[in-house]
Amino acid sequence: MNKPRFVAILALSLPATAEAASVATPIVGCKAEADAKRILEFIAKNDSPGLEKFRTPKITKGDCSFLTKGMPVAIDKKDGQFLCVHPIGGLDCYWAADIAINQNPTEP
């Protein structure tokens with residue numbers, strides 16, 4: 001079997017579970033869902049100093065990352081009000097509140 005045909009067959013056989021989406025509201029996403037939930041708690045309490053103290057070391061370590069408005073992402077997993085998304089071209093999945101992600105990117 002030639003290489004292009006093999007690659008095409010392999011691509012078609014893999015599950016296409018990721019859904020295209022985009023970031024609607026800038027937010028910090030985290031590799032651990034618990035960290036994303038904690039960030040949402042700080043936001044809900046309007047606790048900016050607490051949020052900054054929590055997220056800064058997480059971002060520095062690479063445990064969390066800024067997801068900017070309009071950034072194209074793919075949805076890998078859904079868990080209640082949280083989605084695990086990875087920026088297009090990236091490998092890491094970041095948990096973020098579903099309200100910050102436009103799950104229908106054809107709409108503004």
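A: The model is a predicted one. The accessible surface of the chain comes to about 7,000 Å², and 59% of that surface belongs to carbon and sulfur atoms.

Q: And how much of the chain is buried?
A: Buried residues account for 33% of the 108 residues in the chain.

Q: What secondary structure does the chain have?
A: The chain has three helices and seven strands. Along the sequence they follow the pattern α-β-β-α-α-β-β-β-β-β.

Q: Which residues of the largest nonpolar core touch the most other members?
A: They are Ile39, Leu67, Val73, Val85 and Ile101, in a core of 25 residues. Among the elements that give two or more residues to this core are helices H2 and H3, strand S1 (19-23) and strand S4 (72-79).

Q: Which element gives the most to this core?
A: Strand S5 gives the most, with four residues. As a general point, nonpolar side chains in soluble globular proteins tend to be buried together.

Q: What does Val73 touch, leaving out residues up to four places away in sequence?
A: Val73 touches several residues, including Ala21, Val23, Val85, Ile88 and Ile101. Glu19, Ser22 and His86 are also among the residues that Val73 touches.

Q: Changing topic: how many aromatic pairs are there?
A: The structure holds one aromatic pair. The ring centres of Phe42 and Phe54 are 5.7 Å apart and the ring planes lie at 40°. An angle under 30 degrees would count as stacked and one over 60 as edge-to-face, so this pair is tilted.

Q: Is Phe42 buried or exposed? And Phe54, buried or exposed?
A: Phe42 is buried, with a relative accessible area of 11%. Phe54 is buried as well, at 17%.

Q: What sits over the ring of Phe54?
A: The charged end of Arg38 does, at 5.6 Å from the ring centre.

Q: One more arginine: where is Arg55, and why does Arg55 count as buried?
A: Arg55 is in helix H3. Its relative accessibility is 18%, and the cut-off for buried is under 20%, so Arg55 counts as buried. Apart from neighbours within four places in sequence, Arg55 is in contact with Val28, Ile39 and Phe66.

Notes. Residues are numbered from 1 along each chain as its sequence is written. This is a predicted model: local features need pLDDT of at least 70, side-chain atom pairs count only at pLDDT 80 or more; totals for chains, interfaces and linings use all residues. Side-chain values use heavy atoms; hydrogens and water are left out. Rings of Phe, Tyr and Trp (its six-membered ring) pair if their centres lie within 6.5 Å; planes under 30 degrees apart count as stacked, over 60 as edge-to-face and the rest as tilted. Buried means under 20% relative accessible area, exposed over 50%, partly exposed in between (1.4 Å probe, protein chains only). A charge sits over a ring if NZ of Lys or CZ of Arg is within 6 Å of the ring centre and within 35 degrees of the ring normal. Accessible areas come from the Shrake-Rupley method with a 1.4 Å probe; for residues, only the protein chains shown count as cover. A nonpolar core is a set of buried Ala, Val, Leu, Ile, Met, Phe, Trp, Tyr and Cys residues joined through side-chain atoms within 4.5 Å. Contact means heavy atoms within 4.5 Å.
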